Amino acid sequence: MDISARTEYAVRAMLILAESALAAAGPVSVETLAFRQTLPRKFLEAIVADLRSAGLVKSTRGARGGYSLTREPRDISLGDVFRAVDGPLAEVRGLRPHETTYQGVAEHLPTVWVAVRASLRSVLDETSLADVLSGNLNERVSALAADPDAWRSR
């Protein structure tokens, strides 16, 4: 799986907004988001627009304006952020895994693609912004990350 810069930047920006929400600090400007995580401001503006279109953030105008979450950090999953900026978690040549069909030796491949999607969902949809901020990740995520083989490049 390739996590795009767009998705990575979106998650990092959302974590700042989550931190702000938990501290009741108010909206955060794009300039501040970009500065705090050393992100390209113009690119981040487009990403925040996608997050807004997806209903994950709202904007406030004015001198103390900026962006804030539309829901509590515990109610926004990483999967929500991924989908908002990059679409479905898993696709095969533009198709959803369950829409693929193959003949002959590859006939069972859709089952593998669906399992890959389910695996992504089990991590990304069950991990909230609040979980990442606190480091209190669920047992499944912690167990996967605790496996030394998970950290090895292949």
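Helices here are DSSP runs of H or I with at least four residues, strands are runs of E with at least two, and both are numbered from the N terminus.

Before going on, a word on the source. This is a predicted model, in which local features need pLDDT of at least 70 and side-chain atom pairs count only at pLDDT 80 or more, while totals for chains, interfaces and linings use all residues. Residues are numbered from 1 along each chain as its sequence is written, and side-chain values use heavy atoms, with hydrogens and water left out.

Now the chain as a whole. The secondary structure comes to seven helices and two strands, and from the N terminus the order is α-α-α-β-β-α-α-α-α. Along the principal axes, the C-alpha atoms fill a box of roughly 65 × 30 × 25 Å. The chain has 154 residues, and 34% of them are buried. Buried means under 20% relative accessible area, with exposed over 50% and partly exposed in between, using a 1.4 Å probe and protein chains only. A contact means heavy atoms within 4.5 Å. Of the contacts with a separation of 6 or more, 57% are between residues 24 or more positions apart.

Next, the core. A nonpolar core is a set of buried Ala, Val, Leu, Ile, Met, Phe, Trp, Tyr and Cys residues joined through side-chain atoms within 4.5 Å. The largest one has 33 residues, and Met14, Leu44 and Leu51 have the most contacts inside it. Two or more residues each come from α1 (5–22), α2 (30–37), α3 (41–53), β2 (66–69), α4 (78–86) and α5 (109–124). The largest share, nine residues, is from α1.

So what does Met14 touch? Leaving out residues up to four places away in sequence, Met14 touches Leu51, Leu56, Val57, Leu69, Ile76, Val81 and Leu129.

Helix α1 itself has 18 residues and reaches 26 Å from first C-alpha to last, close to the 26 Å expected at 1.5 Å a residue. That expected span is 1.5 Å times one less than the number of residues. Among the buried residues of α1 are Arg6, Tyr9, Met14 and Ser20. The cover over its buried residues includes α2, α3, β1 (57–60), β2, α4 and α6 (129–134).

Valine 30 counts as buried because its relative accessibility is 8%. Valine 30 touches Arg41, Leu44, Glu45 and Tyr67, again not counting residues up to four places away in sequence. Valine 30 and glycine 66 are 36 residues apart in sequence, yet 6.8 Å apart in space, C-alpha to C-alpha.

Last, the pockets. On a 1 Å grid over the protein atoms alone, a pocket is an open set of points where a 1.4 Å probe fits, with protein on both sides within 12 Å along at least five of seven lines; lining residues have an atom within 4 Å of a point. The largest pocket is lined by 13 residues, with Val123, Val141, Leu144, Ala145 and Ala150 nearest its centre. Two or more lining residues each come from α5 and α7 (139–146), and α5 gives the largest share, four residues.

The second largest pocket is lined by 16 residues, with Met1, Leu89, Ala90, Glu91 and Leu120 nearest its centre. Here α4 and α5 each give two or more, and α5 gives the most, three residues.
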